[in-house]
Structures are given as structure tokens and as C-alpha cells.
Amino acid sequence: MTDPTRDFLIAPSILSADFARLGAEVDDVLASGADIVHFDVMDNHYVPNLTIGPMVCEALRKHGVSAPIDAHLMVKPVDRLIGDFIDAGASYITFHPEASDHIDRSLQLIRDAGCQAGLVFNPATPLSFLDYVMDKVDMILLMSVNPGFGGQSFLPGTLDKLREARRRIDASGRSIRLEIDGGVKVDNIAEIARAGADTFVAGSAVFKARNEADPHRYDSVIRDFRDQLARI
Ligand code: DX5
Ligand code: ZN
């Protein structure tokens with residue numbers, strides 16, 4: 001049973017932000033009502049794209065960002081970068097099970113440092129990777145696109161997978177966030193929430209929707225997300 005009282009968190013992906021003015025973009029999106037900063041780390045090896053690393057995470061902290069930073073590691077191997085992101089001030093650190101030879105150890109590394117740990121599931125990755133680690137995850141992230149790029153379309157098969165992940169979380173009795181990443185828009189967020197997600201990554205939908213009246217704000221799209229979520 002989905003808990004109707006769970007809180008919904010909006011996590012803009014800075015992959016679609018203007019990297020030339022990243023600190024200001026993060027300030028603007030948080031001032032517009034976002035809850036979490038989703039930080040996509042790509043290594044041109046595990047995924048076919050190259051983005052930003054721990055130095056940028058640390059720079060955002062030094063800039064004054066105090067909101068949770070959700071480091072989504074699309075890198076292989078993962079363990080050394082886990083340490084770097086802990087030092088850089090990440091709040092959540094999630095990684096793909098295929099990218100770690102020792103999933104239990106990688107999760108433990110994150111948790112031992114006091115960060116929130118999560119596993120990320122590509123569209124074709126089975127949830128059975130959770131079987132023996134439900135007590136070690138704080139977040140389950142389902143990819144609703146193949147990782148590597150922003151601006152792709154939501155894969156509808158993810159809805160059933162969300163329902164299955166929600167069943168597993170409810171059966172565990174644990175407090176584990178269920179995050180969705182890829183192709184989240186105003187017109188599908190309600191359906192995604194009904195399938196069980198409680199944390200919503202949105203890159204292009206947010207950063208392509210600057211307020212017309214105030215180019216430093218994204219609050220109209222964030223308000224639209226919350227209006228949709230209020231109706232489920
Ligand atoms: C894709 C990234 C996503 C991406 C989402 O590999 O993990 O976080 O930025 O972008 P949109 O919301 O545009 O699909
Ligand atoms: Zn991501």
C-alpha cells in the first residue's frame with residue numbers, strides 16, 4: 001500500500017542548468033521551491049557522456065548551497081569517487097549496481113560517512129539487486145530513460161517497476177525514498193507519483209522553464225509540479 005501521507009520532493013537535475021553560472025542557477029532553483037539538488041556525474045565510460053565531479057560539488061557547498069545534494073554516480077568503478085563525494089559534501093550518494101564489484105561494501109562506505117546511500121536501476125536492470133541490501137539503502141532510484149543525457153522521453157514500462165519498488169519498500173517497513181529520474185514533466189508527474197515515486201528528478205522540464213517575468217526564477221514550473229502532486 002502506498003502511503004498517501006508521504007512527502008514529495010522535487011530534485012532539479014543541474015545537468016540542464018547553465019554551467020557557466022552554476023552557483024546562481026542552483027540558488028535560483030532552490031529559491032523557486034526545489035528541495036534537492038540532483039547532481040549527475042558521468043564518466044564517458046559507464047555512460048557515453050562526461051559531466052562534473054566532486055570539485056564542482058565542493059564549489060557549490062563553498063558558494064553557500066545548504067540544501068541536500070543528491071550525487072548520482074554514473075561512473076565505473078565507483079568506490080574512490082564515493083570517498084571524494086563524501087569529502088565534497090554530498091548528502092545522498094547513489095550508484096548503479098553494475099558499476100560496483102562489491103555493492104554491499106559501496107553502500108556501507110557511504111553510510112559509514114553519515115551520508116544517505118542509494119542504488120540506481122537502469123530500465124533493464126532488475127530490482128533483485130535489492131534482495132540482500134534493503135537494510136542498507138536510504139534511496140532507490142529508478143531510471144526512466146537510459147542514463148547519459150537529459151531531455152529524453154519517459155519510458156512507460158517504468159511505471160510497473162515503480163509499483164514493484166513501492167511494494168518492496170512497503171514490505172520492508174523501512175523509510176526508503178523512491179526516486180524517479182528521466183523524462184519527468186508536468187503532464188506525467190501525477191501518474192508517476194501514483195505508481196509510487198516520492199522524489200522527482202527533473203532536468204530539462206525545470207531549466208527550460210525560466211519564469212518569463214523573472215529570469216532568475218523557476219517557480220512557475222515547480223508550482224505546476226506541486227499542483228499536479230496535490231491532486232493524486
Ligand atoms: C540522465 C540523468 C538525468 C537527467 C534527467 O542520465 O541521470 O538526471 O538530467 O534529465 P531530464 O529530466 O531532462 O530527462
Ligand atoms: Zn540523474
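Let me start with one contact: the side chain of Asp 181 makes a polar contact with the side chain of His 38, at 3.2 Å. By polar contact I mean a pair of N or O atoms within 3.5 Å; within protein, one must be able to donate a hydrogen and the other to accept it, and residues adjacent in sequence count only if both atoms are side-chain atoms. Asp 181 makes another such side-chain contact with His 72, also given as 3.2 Å.

Some ground rules. This is a predicted model, where local features need pLDDT of at least 70 and side-chain atom pairs count only at pLDDT 80 or more, while totals for chains, interfaces and linings use all residues. Residues are numbered from 1 along each chain as its sequence is written, and side-chain values use heavy atoms, with hydrogens and water left out.

Back to Asp 181. It is found in strand β7, residues 177-181; strands (E, at least two residues) and helices (H or I, at least four) are DSSP runs, numbered from the N terminus. Asp 181 is buried, at 8% relative accessibility. Buried means under 20% relative accessible area, exposed over 50%, and partly exposed in between, with a 1.4 Å probe and protein chains only.

Which residues does the UniProt annotation "active site" cover? In that unreviewed entry, they are Asp 40 and Asp 181. They span 142 residues in sequence, yet no two of their C-alpha atoms are more than 10.5 Å apart, so they gather at one spot. Both Asp 40 and Asp 181 belong to the lining of the largest cavity. A cavity, on a 1 Å grid over the protein atoms alone, is a set of points where a 1.4 Å probe fits but cannot get out, and lining residues have an atom within 4 Å of a point. As for the annotations, UniProt positions are given in the numbering used here, feature names are shortened, and annotations may be inferred rather than shown by experiment.

Now Asp 40. It is found in strand β2, residues 37-42, and it is buried at 4% relative accessibility. Its side chain makes a polar contact with the side chain of Ser 13, at 2.6 Å.

Ser 13 and His 72 are among the residues under the "binding site" annotation, again from the unreviewed UniProt entry. The cavity lining includes Ser 13 and His 72, and also Gly 148. Gly 148 is in the loop between β6 (139-143) and α5 (158-172). Is Gly 148 buried or exposed? Gly 148 is buried, with a relative accessible area of 3%.

Conventions. Chains are lettered from A and ligands numbered from 1 in the order in which they are written. On a 1 Å grid over the protein atoms alone, a cavity is a set of points where a 1.4 Å probe fits but cannot get out, and a pocket is an open set with protein on both sides within 12 Å along at least five of seven lines; lining residues have an atom within 4 Å of a point.
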